[in-house]
Amino acid sequence: MAMIDWELKGVEFINCNCDYGCPCQFNALPTHGDCQAIGAYRFDEGHFGNIDLGGLNVIGMFTWPKAIHEGNGRAFLIVDERATEEQRSALLSILSGEHTEPGKTIWNVFAATFAEVLPPEVKPIHIDIDVDARTGTVRVDGMVEMHGEPIRNPVTGAELRARIDLPNGFEYSLAEMGSGSSRSQGPIPLALENSYGQFARLHLNNSGIVHA
């Protein structure tokens with residue numbers, strides 16, 4: 001079956017249980033041996049075929065018992081209640097790695113590592129992300145709370161700015177590093193405190209990152 005043309009442009013705030021920097025970004029094993037993560041996505045522009053996806057939000061909760069590439073992961077998505085049934089279906093298709101060249105997006109790569117994908121839920125999602133300021137506030141009442149801020153010098157309290165540049169990445173080209181603290185309830189309950197925070201601009205399509 002031919003792929004449906006899609007493209008998404010927006011921002012993300014990712015918080016995982018690794019130390020700042022996250023070894024996974026450098027093909028190393030996770031800090032604590034396992035991976036727990038919550039990702040918030042705000043898509044400012046986008047389409048799936050002729051379906052407009054601009055202005056919609058999605059949150060994902062993910063866990064793996066070991067490194068991501070070793071598999072046996074679990075995933076659970078919350079989709080913006082403002083999305084129509086057609087838009088929800090399109091977003092879930094993209095975030096499931098469908099209609100994508102193999103290995104070209106983070107969602108396609110992740111999909112190959114999941115042993116269980118739980119049924120998604122539809123909820124009101126609040127997302128406020130400022131990539132340059134390394135700040136983020138995400139909320140789904142009764143289910144998810146995320147807070148992101150800059151990493152701070154432990155002696156002076158001054159903000160530290162650090163970035164990861166991945167010219168051949170499958171998620172982002174450049175990500176700002178921060179600190180995240182998050183809680184989730186529901187099918188995948190997580191508790192993260194002052195751990196790896198990632199803020200990035202996304203521009204992806206069927207073939208991966210769209211380079212301007």
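A residue is called buried when its relative accessible area is under 20%. Keep in mind that the model is predicted. With 1% relative accessibility, Cys18 is therefore buried. Cys35, at 4% relative accessibility, counts as buried too.

To count here, two cysteine sulfur atoms must lie within 2.5 Å. The closest cysteine sulfur to that of Cys18 belongs to Cys22 and is 4.0 Å away, so the two are too far apart for a bond. Cys35 is in no disulfide either, as its nearest cysteine sulfur, in Cys24, is 5.3 Å away. The count of disulfides by this rule is zero.

The largest pocket has a volume of about 670 Å³. Its lining has 29 residues, and Cys24, Gln25, Ile68, Ile106 and Phe170 are the closest to its centre. Several elements give two or more residues to this lining, among them strand S1 (6-16) and helix H2 (106-111). Strand S2 gives the most, with five residues.

The second largest pocket holds about 290 Å³ of space. Gly10, Leu174, Arg201, Leu202 and His203 lie nearest its centre, out of 21 lining residues. S1, S2, S14 and S15 each supply at least two residues of this lining.

Here are the linings by class:

Notes: Residues are numbered from 1 along each chain as its sequence is written. This is a predicted model: local features need pLDDT of at least 70, side-chain atom pairs count only at pLDDT 80 or more; totals for chains, interfaces and linings use all residues. Side-chain values use heavy atoms; hydrogens and water are left out. Buried means under 20% relative accessible area, exposed over 50%, partly exposed in between (1.4 Å probe, protein chains only). On a 1 Å grid over the protein atoms alone, a cavity is a set of points where a 1.4 Å probe fits but cannot get out, and a pocket is an open set with protein on both sides within 12 Å along at least five of seven lines; lining residues have an atom within 4 Å of a point. Grid points are joined across faces, edges and corners, and a volume is the space filled by probe spheres set on the points. Helices (H or I, at least four residues) and strands (E, at least two) are DSSP runs, numbered from the N terminus.
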